[in-house]
Amino acid sequence: MTDFTATRAAFHIPEGVIYLDGNSLGPLPRAAEAAMARAMRDEWGEMLITGWNRAGWMAQPRGIGDRIARLIGAEAGHVVLGDTLSIKVYQALAAALDMRPDRRVILSDSGNFPSDLYMAEGLIRALGRGHELRVVSPEDVADAITEEVAVTLITEVDYRTGRLHDMKDLTARAHAAGAVTVWDLAHSAGALPVDVAVAGADFAVGCTYKYLNGGPGAPAFIYVAPRHAEAAFPALSGWLGHDAPFAFEQGYRPGAGIERMRVGTPPVLAMAALSAALDVWEGVDMAALRSRSIELSELFIAEIEAACPTLQLASPRDPVRRGSQVSFCHAEGYAIIQALIARGVIGDFRAPDILRFGFTPLYLGTDEVRTAARHLAEVMAGRLWDRPEHRTRAAVT
Ligand SMILES: *Cc1c(COP(=O)(O)O)cnc(C)c1O
């Protein structure tokens, strides 16, 4: 039985704020502050360069990788942390393409996050071998997996609508067609039960600053299935992915297994915060998290549909087909979100017309969901969004 009262007490949520944006940046775990201060004072401050050994800094990317492995159903020893998600997408895609030298198509969908598609474009250019990035609508992915496809590059949960792909089914289809799979778990890790090993995923990547609450700029993770671990090609062949980084050899030799997916110096201070954030997940049962998330999102949808007839549900109605977020569309979405934020209810807006709300059981309960829905209803009924100050766009939306 997961105690969500205890997990809730583990976070700092500012007074008067209802936070429905943990799908974009998780809130501060209280323990992260002290953990980071400790790492600075006792490790960096006192140990200086000896911290790499004495404080185990060099082993962090693997150690934390094992803790994330549990949350995504990966085998221990096959997840490593580092860099940002965009970089991990590039690495996974490059390694996957290298496994299918005779094929030229990378299949993705229009619900994928643009950075994944941009990284694919850049990699295609760098390879210069005439690969094609084929982007179909999310509904058409299954049928588009043909024997031309080298790699499927799919994000399990759509960042705009929350639509959830069937990872197991698509992976099986890809394998039947001879394709390699790269799964992006940005909106899955910490949002719902994920089982990359059971699904048979070849590669998976994700970030830790969304549902995992690792903090802004927290490092990303990459998973390589054990059957590929010793063969995967490390396109970003940095020294810490070398078999013997401190031998300072002239030429590159890939490290053992997942080690080769490391690139350069790990972000030690950021990992201190992330490690504290992962402590909160100890004892959290992902099935309990999922049912709570569905309860919260169903409640929100019911309240909004009853009170706000002009807001159109943009997420799948069936909760089984959604991640842990709910979206509505409205032409004035940006101003509506700004009016909500002014009332302490933080959701976000995604162009062109999506209002997005994340439901995170670790620190949200039904009371907050009801209150947030009431604020949104008031904003809509009174047209409170229709003010100049709510229409001015900031750099980050
Ligand atoms: C959030 C997100 C990213 C962000 O990538 P960064 O390199 O961490 O900025 C990339 N892909 C997907 C699918 C995302 O949801």
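## The enclosed cavity

The largest cavity of this structure, which is a predicted model, has a volume of about 60 Å³. Its lining consists of 13 residues, and those closest to the centre are Gly190, Tyr211, Trp281, Thr360 and Pro361. By class, 8 of the lining residues are nonpolar and 5 are polar, while none is charged. When the whole structure is searched, 1 cavity of 30 Å³ or more is found.

Leaving aside residues up to four places away in sequence, Ser293 touches Ser324, Phe359 and Pro361. Ser293 belongs to helix 11, which covers residues 286–307. Its relative accessibility is 0%, so Ser293 counts as buried, the limit being under 20%.

## The largest pocket

The largest pocket holds about 310 Å³ of space. It is lined by 18 residues, of which Asp21, Asp348, Arg350, Val396 and Thr397 are the closest to its centre. Two elements, helix 12 (333–342) and strand 14 (348–350), each give two or more residues to this lining. Helix 12 supplies the largest share, with 4 residues. In terms of residue class, the lining of the largest pocket comprises 11 nonpolar, 4 polar and 3 charged residues.

Arg350 deserves a separate description. This residue is placed in strand 14. Beyond residues up to four places away in sequence, Arg350 touches Ser24, Tyr159, Arg160, Arg356 and Thr397. Thr397 is also listed among the residues closest to the centre of the largest pocket. Arg350 has a relative accessibility of 18% and therefore counts as buried, since the limit is under 20%.

## Surroundings of the ligand

Residues from several parts of the sequence surround the ligand: Thr84, Leu85, Ser86, Phe113, Asp116, Thr155, Asp184, Ala186, His187, Tyr209 and Lys210.

Three of these residues can be described through their polar side-chain atoms. In Asp116, such an atom lies 2.7 Å from a nitrogen atom of the ligand. In His187, a polar side-chain atom is found 2.8 Å from an oxygen atom of the ligand. For Lys210, a polar side-chain atom lies 2.5 Å from an oxygen atom of the ligand.

## Backbone features

Most residues other than glycine have a negative phi, and most peptide bonds are trans. The following residues depart from these patterns. A cis peptide bond, with omega of about 0°, joins Ala351 and Pro352. Pro352 is located in the loop that runs between strand 14 and strand 15 (354–358).

Leu48, although it is not a glycine, has a positive phi of about 50°. Leu48 is situated in the loop between helix 2 (30–47) and helix 3 (51–54). Because its relative accessibility is 55%, and the limit is over 50%, Leu48 counts as exposed. Phe248 is likewise not a glycine and has a positive phi of about 50°. The loop that contains Phe248 lies between strand 10 (221–224) and helix 10 (268–279). With a relative accessible area of 60%, Phe248 is exposed.

How values were computed. Residues are numbered from 1 along each chain as its sequence is written. This is a predicted model: local features need pLDDT of at least 70, side-chain atom pairs count only at pLDDT 80 or more; totals for chains, interfaces and linings use all residues. Side-chain values use heavy atoms; hydrogens and water are left out. On a 1 Å grid over the protein atoms alone, a cavity is a set of points where a 1.4 Å probe fits but cannot get out, and a pocket is an open set with protein on both sides within 12 Å along at least five of seven lines; lining residues have an atom within 4 Å of a point. Grid points are joined across faces, edges and corners, and a volume is the space filled by probe spheres set on the points. Ala, Val, Leu, Ile, Met, Phe, Trp, Tyr, Cys and Pro count as nonpolar, Asp, Glu, Lys and Arg as charged, and the others, Gly among them, as polar. Buried means under 20% relative accessible area, exposed over 50%, partly exposed in between (1.4 Å probe, protein chains only). Contact means heavy atoms within 4.5 Å. A residue is near a molecule or strand if one of its heavy atoms lies within 4 Å of it. A polar contact is a pair of N or O atoms within 3.5 Å; within protein, one must be able to donate a hydrogen and the other to accept it, and residues adjacent in sequence count only if both atoms are side-chain atoms.
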